Amino acid sequence: MTHSQTNSLLSVPTGKLQISELPPKIADTNGEAMLLSLVIPTYKEHDNIKNVVKVLSQLLDESIPGQYELIVVDDDSPDRTWEVAQSLTEKYPQLQVMRRQQERGLSSAVIRGWQVARGSILGVIDGDLQHPPEVLTQLLAEIEQGADLAVGSRHVEGGGVSSWSIIRRLLSRGAQVLGLIILPGVLGRVSDPMSGYFMVRRNAIAGATLNPVGYKILLEVIGRGRVCEIAEVGYVFCERKEGESKVTWKQYVDYLRHLLRLRLSTGRLGRVSQATGKLEKLSQNIGFPIGRFLRFGLVGLSGVFVDMTILYLLSDPTTLALPLTRSKIIAGEIAIFNNFLWNDAWTFADVSMKQQEWRQRLKRFLKFNLICLAGLILNVLILNLVFNFLIPNRYIANLIAIAIATIWNFWVNLKLSWRVTDVK
Ligand code: GDD
Ligand code: MN
């Protein structure tokens with residue numbers, strides 16, 4: 001491919017994922033205000049990108065000529081999507097390309113694109129033609145009529161999915177219901193919170209530090225932005241013709257973590273988190289992370305609750321009446337899993353954020369498991385020691401054993417599972 005005179009690539013912003021109030025000044029704008037900046041995140045869209053750019057340009061040249069820009073943000077695709085995109089910039093001067101080699105992930109790609117955007121309206125559309133471009137004009141019209149956010153939705157009049165299997169429909173709806181339970185204030189505001197096709201006013205998200213995990217950038221925009229009026233426009237999610245979807249089961253786990261993180265950092269719980277943040281300062285002075293320890297303790301309590309409930313459901317004579325030991329092992333393991341999720345998303349969020357790779361997370365989970373197991377053995381040992389030699393009251397002895405095992409669990413996990421120094 002020849003790209004002798006193509007424009008240079010956009011440089012990738014670093015630091016916080018935050019959008020500025022005023023668009024960055026870029027030399028060649030002639031001071032002209034840009035209306036719409038549309039980000040097209042891509043990963044392995046070699047066979048689609050040319051068509052996407054062509055179709056979008058045709059459409060926008062007609063409706064808002066000269067007032068828009070297209071920003072392709074490619075995560076260093078092995079099929080060199082970024083290179084193809086770059087070769088198009090000569091023919092389409094409103095197109096710019098960013099090639100990310102350090103960071104990864106759909107949501108952060110979109111935000112990095114918005115950070116260099118010049119428009120007062122920020123938008124996103126998939127780079128595989130599954131989002132019908134005609135809908136852009138309607139989304140734009142909604143914003144111009146006063147909406148802060150205009151969402152392309154598969155679940156309102158005029159929307160749908162072309163030929164999804166029943167499984168994928170169920171998974172998608174299940175994820176939505178789960179989200180509604182955990183974060184009603186965010187997911188309850190739109191009919192299609194999973195949409196990756198929308199536009200938002202710059203001033204509705206400027207200044208907020210976005211911190212998304214995985215695929216669902218819209219949750220972050222609604223959860224952390226100042227979005228008052230939301231409009232929805234129906235669209236039919238088309239079939240892919242070229243390339244393939246990057247969604248795997250990992251995205252479902254990421255989605256769950258994202259929900260938890262948003263839950264814990266916004267609203268009332270967010271204020272609690274901030275208060276514990278102050279504790280963290282005190283902790284530094286005394287050399288023990290009190291806030292973290294409290295969070296760890298609370299998570300532990302939730303685990304006791306999970307353990308008890310499952311134990312009841314499995315072993316009680318009125319329920320499943322399974323053997324006690326077997327039930328306890330299952331209950332204990334589920335409780336450990338529960339605790340791990342919360343600790344990873346909350347207690348040690350700052351650490352796990354820097355180590356989001358799937359392998360690293362699995363490693364943390366395995367370590368956590370082992371340490372908890374050792375903690376349980378320790379618990380039993382101490383209970384016996386205290387009961388036989390110190391205090392002949394089994395409940396007091398057990399309380400002491402639990403307290404010591406909790407400190408052990410916390411300390412060893414702090415040093416081994418969520419080790420602050422372990423960044424590559
Ligand atoms: N830069 C970058 N980095 N782009 C990515 C990445 C990534 O890690 N992963 C995916 N993309 C790009 C793809 O190239 C495509 O342009 C777009 O993001 C959507 O990815 P798909 O893999 O095609 O996802 P999908 O078709 O299953 O789902 C999409 O549509 C849904 C319905 O609107 C996503 O956008 C979902 O978020 C959305 O809900
Ligand atoms: Mn797609």
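A residue is counted as buried when its relative accessible area is under 20%. In the predicted model described here, S191 has a relative accessible area of 18% and therefore falls in the buried class. This serine is located in the loop that runs between α6 (184–187) and β7 (198–201). Its side chain is joined to the side chain of S153 by a polar contact of 2.7 Å.

The chain as a whole, in which S191 is one of the buried residues, comprises 424 residues, of which 47% are buried. Its secondary structure consists of 15 helices and nine strands, and its C-alpha atoms fill a box of roughly 85 × 50 × 45 Å when the dimensions are taken along the principal axes.

Packing between helices was examined for two pairs. Two packed helices are described by the angle between their axes together with the distance between those axes. For helix α9 (residues 249–265) and helix α12 (residues 324–347), the axes come within 9 Å and cross at roughly 55°, an angle that makes α9 oblique to α12. The crossing of this pair is right-handed. On the α9 side the contact involves L256, R257, L260 and L264, which meet L341, W342, D344, A345 and W346 of α12; sorted by class, these residues comprise seven nonpolar, no polar and two charged.

The second pair is formed by helix α1 (residues 49–63) and helix α2 (residues 81–88), whose axes come within 9 Å and cross at roughly 35°. Here, too, α1 passes α2 in a right-handed crossing. The residues making the contact are I49, K50 and V53 from α1, and T81, V84, A85 and L88 from α2. By class, the contact of α1 with α2 contains five nonpolar residues, one polar residue and one charged residue, whereas the contact of α9 with α12 includes no polar residue.

Notes
Residues are numbered from 1 along each chain as its sequence is written. Chains are lettered from A and ligands numbered from 1 in the order in which they are written. This is a predicted model: local features need pLDDT of at least 70, side-chain atom pairs count only at pLDDT 80 or more; totals for chains, interfaces and linings use all residues. Side-chain values use heavy atoms; hydrogens and water are left out. Axes are lines fitted to C-alpha atoms, for helices over the stretch in contact, and angles run from 0 to 180 degrees between N-to-C directions. Helices (H or I, at least four residues) and strands (E, at least two) are DSSP runs, numbered from the N terminus. Angles under 35 degrees count as roughly parallel, over 145 as roughly antiparallel, 65 to 115 as roughly perpendicular and the rest as oblique. A crossing is left-handed if the near helix is turned anticlockwise from the far one by less than a right angle, and right-handed if clockwise. Contact means heavy atoms within 4.5 Å. Ala, Val, Leu, Ile, Met, Phe, Trp, Tyr, Cys and Pro count as nonpolar, Asp, Glu, Lys and Arg as charged, and the others, Gly among them, as polar. Buried means under 20% relative accessible area, exposed over 50%, partly exposed in between (1.4 Å probe, protein chains only). A polar contact is a pair of N or O atoms within 3.5 Å; within protein, one must be able to donate a hydrogen and the other to accept it, and residues adjacent in sequence count only if both atoms are side-chain atoms.
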